Amino acid sequence: MRALRTRTIETQRHHSMNDRGEINGYVVSLYKDWEKLFRAEPKQVYLNCCLPGERKGPHLHMKRWDYFTAIRGAARFVLKYGPGDYEEIDVIVQDGLGIRIVEVPPAVPCLIVNIGKTEAWVLNMPNPAWNPEDEYFD
C-alpha cells in the first residue's frame with residue numbers, strides 16, 4: 001500500500017489595528033474548526049524548538065497525523081515515502097510571512113532540520129494527542 005503524500009497548507013498574514021486605526025501587528029490563522037482544512041482535526045498543540053544546525057527526528061508515527069508549522073526561523077522537513085522517494089520542504093519565516101502548515105500523514109517518517117542561523121520554532125498540532133498511557137509512542 002502506498003503511503004499518503006504530505007501536503008503544504010498556505011497561510012496568510014492579516015494586519016491588526018489599534019483603536020486609532022493604525023497597524024499594531026498582524027495575525028496568522030493556523031486553525032479554525034469550521035474550515036475543515038485538515039484531514040485529521042488537531043487534538044494537541046505544542047512548540048518544538050530546534051537550535052541552529054540541529055535536527056529533530058526522524059519521527060515515525062503509525063497512527064498520528066502531524067501538522068508542523070514553523071512560526072520562527074527556517075526549517076526543512078525531510079519526508080521519506082519509500083526507497084529513494086524523498087521530499088524536502090523548506091519553510092522560512094520572516095516578519096510573519098512564509099508560514100505554512102506541513103501536513104504529514106501517518107506512516108511517513110519526517111525529519112526536521114534547522115537550516116537557519118537562529119532557533120527554529122515549530123508548532124505541532126497532531127491527531128491523536130500524545131498520551132502517557134499509550135503502550136508506545138506513536
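A residue counts here as buried when its relative accessible area is under 20%, as exposed when it is over 50%, and as partly exposed in between, using a 1.4 Å probe and the protein chains only. By that rule Glu-119 is partly exposed, because its relative accessible area is 30%. Keep this residue in mind; we will come back to it after a walk through the whole.

What you see is a predicted model, in which local features need pLDDT of at least 70 and side-chain atom pairs count only at pLDDT 80 or more, while totals for chains, interfaces and linings use all residues. Residues are numbered from 1 along each chain as its sequence is written, and side-chain values use heavy atoms, with hydrogens and water left out.

Let us begin with the overall build. The protein has 10 strands and 0 helices, where strands (E, at least two residues) and helices (H or I, at least four) are DSSP runs numbered from the N terminus. Its C-alpha atoms fill a box of roughly 55 × 35 × 30 Å along the principal axes. Of the 138 residues, 38% are buried. Contact means heavy atoms within 4.5 Å, and among contacts with a separation of 6 or more, 74% join residues 24 or more positions apart.

Now to the interior. In soluble globular proteins, nonpolar side chains tend to be buried together. A nonpolar core is a set of buried Ala, Val, Leu, Ile, Met, Phe, Trp, Tyr and Cys residues joined through side-chain atoms within 4.5 Å. The largest one here has 25 residues, and Phe-68 and Phe-77 touch the most other members. Two or more residues each come from β6 (66–82), β7 (85–93), β8 (100–104), β9 (110–114) and β10 (120–124), with β6 giving the largest share, 7 residues. Beyond its neighbours within four places in sequence, Phe-68 is in contact with residues including Phe-77, Ile-101, Val-104, Ile-112 and Leu-123.

Back to Glu-119, which lies in the loop between β9 and β10. Although 70 residues separate Glu-119 from Cys-49 in sequence, their C-alpha atoms are 6.5 Å apart. Leaving aside neighbours within four places in sequence, Glu-119 is in contact with Cys-50, Leu-51, Pro-52, Arg-72, Gly-73 and Asn-114.
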